[in-house]
Amino acid sequence: MSQPANPMSHRLFIERLVIGLAILGLALLLWQLRGLLILVFGAVLVAVILRVIANPIEKRFRIPDSLALLIAVLFLLGIFGVAFWLFGREVIAQAGALQDAIPKAWQAVQARLAEVGLAEPLREWTGGLKEGGGVVSNFGGLAMSLGSGIADTLLVIVGGIFMAARPGLYRRGLIKLVPEGGRDNAALALEDSWRALRLWLFGRLVSMVLVGLLTGLGLWWIGIPAALTLGIVAALLEFVPFLGPILASIPAILLALAVDPTLFLWVVGLFLVIQQIEGNVIAPLVQQQAVELPPALLLFSLVAAGLLFGIVGILFAEPLTVVLFVLVKRLYVREALNTPTPIPGEDEED
């Protein structure tokens, strides 16, 4: 004689099914909103930058937090304003000349390659980059969409200002989403992430400034046109590891090829030397006070972020990797596996 079905087992099955479907639905929703999520992370990064400036001002002058944040915003605007006043006219003039010179340089390069029978292979290769699939073609499409991100940039900046105005509100909200037993660990993980992002920001800023100065001065010494603009471009693209320095070298190499093959060798040598200095001198010195990521991890995270999130993902790949790196160390290696491991910036709190 068969046993009657247990109503509790049916109820438990239905509850688990509903929970499973809810998790699946949430995962699909997050996947559809992945573009928005990376913008939210960008706003978090802006908030970190503002708090790095505002916190010392608040402590040093003992002023209200809102006033310190306002000073931080005005300080950044002042830096950009002074830089534009000092270099803006020259940069705009050089950028215009560069815009006219690069197409002519590309035509000159094709003409030189045609003399040695390499024009047709180059044309086929560039055509393959436009029509082919894979990671390279995706990066090309991502670069073409760079000019359409003005609205996203404004959203990130405004959102970052709101987050920087009340960081405790958002921090408490995130912690409350975690079950009560894990809230202490969640609070520690958020604190670790904040410190790591602050250290990463310091290291990246130092590298950008030094690489920009070395590039601009080196190109000026070689005699490449628009050296100031190319140096600024190199500094900005240094924000993106691996891919940024390659993209920064392309305009200078094209200009050098159009003028004289000897200059081409000098420009290539300059960029190689600068990258060696950045990798073997600047980076080790900076990483003593910043965050060191395994190069292979950073390389594949750059590709993954580009494929998942587009050009914005490439821009934020390194800080996003820093946060995930710290969270894995804190929540998995330390808490789940009970294995000691160093966390970036932890010593400065001791």
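Colleague: In which hand does H8 pass H14?

Modeller: In this predicted model, the axes of helix H8 (residues 183-222) and helix H14 (residues 317-336) come within 9 Å and cross at roughly 145°. The crossing in which H8 passes H14 is right-handed.

Colleague: How do the residues of the contact of H8 with H14 divide into nonpolar, polar and charged?

Modeller: From H8 the contact draws on residues including Leu188, Asp192, Ser193 and Trp200, which meet residues of H14, among them Val322, Leu327, Arg330 and Glu335. Sorted by kind, the residues of this contact are eleven nonpolar, two polar and five charged.

Colleague: Why is the pair of Trp200 and Phe239 edge-to-face?

Modeller: A pair of aromatic rings is described by the distance of the centres and the angle of the planes. Planes over 60 degrees apart count as edge-to-face. The centres of the Trp200 and Phe239 rings are 5.6 Å apart, and the pair is edge-to-face because the planes stand at 75°.

Colleague: Is Phe239 buried or exposed?

Modeller: Phe239 lies in the loop between helix H9 (227-237) and helix H10 (243-259). Residues under 20% relative accessible area count as buried. Phe239 has a relative accessible area of 19%, so this residue is buried.

Colleague: How many residues apart in sequence are the parts that Phe41 and Phe316 tie together?

Modeller: Phe41 and Phe316 form an edge-to-face pair, with 6.4 Å centre to centre and 70° between the planes, and both are buried. Because Phe41 lies in helix H2 (residues 34-61) and Phe316 in the loop between helix H13 (311-315) and H14, the parts tied together are 275 residues apart in sequence.

How values were computed. Residues numbered from 1 in each chain as written. Predicted model: local features only at pLDDT ≥ 70, side-chain atom pairs only at ≥ 80, totals over all residues. Heavy atoms only, no water. Axes fitted to C-alpha atoms, helices over the stretch in contact; angles between N-to-C directions. Helix = DSSP H or I, 4+ residues; strand = E, 2+ residues; numbered from the N terminus. Left-handed = near helix turned anticlockwise from the far one by under 90°. Contact = heavy atoms within 4.5 Å. Nonpolar A, V, L, I, M, F, W, Y, C, P; charged D, E, K, R; others polar. Phe/Tyr/Trp six-rings, centres within 6.5 Å; stacked < 30°, edge-to-face > 60°. Buried < 20%, exposed > 50% of the residue type's maximum accessible area, 1.4 Å probe, protein only.
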